[in-house]
Amino acid sequence: MGVTRQTKHLKILLDTFNEKKRALSVAELVKLLESKMNKTTVYRILDKLMDDGILHSFIGKGGLKWYAMCNDCSRDTHNDVHPHFQCKSCGEVACLPVTFTIPDIKGYKIDSASLLMVGECGNCA
């Protein structure tokens, strides 16, 4: 179930993504917002925003969950299938501006796919 009403906490979380303009780890979000809301509220809102196609998530290096804004997605359709990059030196994480197509594989129904590329960003290379 997605967002049912626009709350103060929802606005704070969305403003954080709009201000940072990058992927944010759940640990970073909890720390950034700890004076404004508890971590349970952060997780609940993140789940609802994912349900509504506003955010997408992926697992980064070390198993940490990251969130980023979606582009042209909705509750019913997730359109921005793209790889993510994580720098092994500075930890920077980014959505890469390329898309890929999830292939049809006989005998399987694929709902989602995740591709994480690890290396060095332009600042560290």
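Here, a residue is buried if its relative accessible area is under 20%. The model in these close-ups is a predicted one.

View 1. Strand β4 runs over residues 84-87. H84 and Q86 point to one side of it, while F85 and C87 head the other way. Whichever way they point, all of these residues are buried.

View 2. On the antiparallel side we have β5 (residues 93-95), joined to β4 over three bridges. H84 sits opposite C95 there. Five residues separate β4 and β5 in this hairpin, and G91 in the turn takes a positive phi of about 90°. With β6 (residues 116-119), β4 pairs in the parallel sense, this time over four bridges. H84 turns up again here, with L116 as its bridge partner in β6.

**View 3. S25 in strand β1.** Now for S25, which belongs to β1. Setting aside neighbours within four places in sequence, S25 touches L64, K65 and W66.

View 4. K21 lies between α1 (8-20) and β1 (24-25). K21 has a phi near 55°, positive even though the residue isn't glycine. Most residues other than glycine have a negative phi.

Terms used
Residues numbered from 1 in each chain as written. Predicted model: local features only at pLDDT ≥ 70, side-chain atom pairs only at ≥ 80, totals over all residues. Heavy atoms only, no water. Helix = DSSP H or I, 4+ residues; strand = E, 2+ residues; numbered from the N terminus. Buried < 20%, exposed > 50% of the residue type's maximum accessible area, 1.4 Å probe, protein only. Pairing = 2+ DSSP bridges. Contact = heavy atoms within 4.5 Å.
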